[in-house]
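Subject: Structure handover

Dear colleague,

I am passing on the structure below, together with some notes on what was found in it. Please read the notes with the structure open beside you.

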Amino acid sequence: MSGTLGLRLLIYGINYTPEPTGTGKYTGEMAAWLAARGHQVDAIVGLPHYPSWEVDPAYQDKGFHTEIIEGVRVLRVPHFVPSPERIGAIERIRLESSFSLKALRYWLLFLLQNNSYDAVIAICPPMQVGVYPWLYRLFRGVPWIFHIQDLQVDVAVRLGLLNGKLSKVLYTVENFLLRRATRVSTITEAMRRRIIAKGVPEKNTWLFPNWSDITFIRPMPRNNAFRQELRVAEDQILFMYAGNMGEKQGLELVLQAAEHLRYYSQLRFVLVGAGVAKQRLEKMAEEMKLTNVTFLPVQPLERLPEMLAAADVHLVVQKSEAADLVMPSKLTNILAAGRPVVATADSGTALHDVLTSYQAGIVTPPGDLKAFIDALQLLAESAILREQMGRNARLYAERYLDKERILKDFEDKLITLVREVRKR
C-alpha cells in the first residue's frame, strides 16, 4: 500500500462468509476489502449457520480450524447452534456464550504473542463479543471498535423475548462495553443517536453504513430467467420479500395482504430466504390456501442481481418494536437494483427517512394491513410510479451506498485512529 499505513487487524464476531445475508455478508466483504488493500487481516468467527440456523454442510464435521478466504486468515470456532423451532432468548445466549468460551482459545494465544494487532473490530450482535477486545486493550493498549449492526438487547426487550431481571443484567453489560470501546460505529444515524443517548460520547462514534456493490447489483430487465422460472407472466406484478424470516419482521402481514388480494390474478407474491419463522409462515400460507404465494430458499449469490430485477416491487417488513433499532440489510441491494419498495416503518426511523426523502418507495405504519394493501395496489396500478421510484432508488444507491466509498472512509478512520493511539 504505497503511501498508506498498512495495519494488522483482528475482526471478531460470530457471523462471516459464506453466510449469504445479514451481518456475516458485510463482515466478510469488509475483511476481504481490507485485505485487498494490503492490510493483514485475521478473523475469529463461528461456523456458517445463518439464516437457516443449520451449520453449512461443508463445515459440519469441522472443529477449530483455519482457512484463507480472499486473503483473510479465518480462525473458525465450533459452537452450539439451536434448531430453528427452539430459538429464543435463552437459546441465543447459549449459542453466543458457547462461541465466546471456545474463542478464548485464540484470544489467549494472541495475548501471549510478542506482536500485537494495531486494532480490533468487534461485530455486534452478539453483544458479548466486546469482552475480549476490551481485555486485549487493557493488556496491550490496542484500540478496539465496537461495530453495532443491531441493538440486540433493545430489540429483544421490545419484542418481549427478555424478562426484566435478565434484561437489566444485559443492559448493564452493554453499557459497560459501549463506554469502554475506543470507538463505537453503527449503520444508521438513528442508531448512532441512540448509542450516544446510552452514554457514549459523540466524538467516539462513527457512522459506518452498510453498502452495496453497485457495479454487481444494478438495474436489469424484469422479464428474466428467474421470473420465468416462477411462471410469472410479463403483465403480472411480482411482489418480493427476500431476506431473513425471523420474528422481528412480522411477515404475517405479507400473507394477510396476499389473502386479501388473492382474487387479483395479476398479482403474485414470492418470499425468498430462511429463518426461524419460515416453517410457521409456510404452514400459515398452506392453511390459508394461498395460491398466489411462493416460498423459495436462499438463492446463490450469482443469481442475486437477476432475482432482485425479477420483482416489480420489493417488500421490507418489520415490526414497530424493532424499527429504529435495526436497518434491514436487504434494503441496500434493493435500492441498487433500482426497484421501488413498500416498507413498514414509523416516522423518524432511518428506513422511513430514506424511502420518503428520496421518493424511492411507500412507507406504511407497521402492522397496518389496510395501508399496506393500499400501497401495494397503488404501485401495482402505476407503471410510471414504479419506474420513477425505481430510478430514485438507484440514484440514492449511487450517491450513498457505494461499497468502495464507504469502506475507504472506514479505512481512513481506522488509520487515523491507530496513528493517534501510537502518538499517545
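Strand β2 (residues 40-46) is largely enclosed by the rest of the structure, because 6 of its 7 residues are buried, where buried means under 20% relative accessible area with a 1.4 Å probe and protein chains only; strands here are DSSP runs of E with at least two residues, and helices are runs of H or I with at least four, numbered from the N terminus. This is a predicted model, in which local features need pLDDT of at least 70 and side-chain atom pairs count only at pLDDT 80 or more, while totals for chains, interfaces and linings use all residues. Residues are numbered from 1 along each chain as its sequence is written, and side-chain values use heavy atoms, leaving out hydrogens and water.

Strand β1 (residues 8-12) runs parallel to β2 and is joined to β2 by 5 bridges, pairing being counted when DSSP finds at least two bridges between two strands; within this pair, L10 stands opposite D42 of β2. Strand β4 (residues 72-77) is likewise parallel to β2, with 5 bridges between them, and V74 in β4 is the bridge partner of A43.

Turning to the second largest pocket, its lining consists of 27 residues, with I187, T188, P209, V354 and Y396 nearest its centre. A pocket here is an open set of points on a 1 Å grid over the protein atoms alone, where a 1.4 Å probe fits, with protein on both sides within 12 Å along at least five of seven lines, and lining residues have an atom within 4 Å of a point. Helices that each supply at least two lining residues include α6 (189-197) and α14 (383-400).

Best regards

Notes
Buried means under 20% relative accessible area, exposed over 50%, partly exposed in between (1.4 Å probe, protein chains only).
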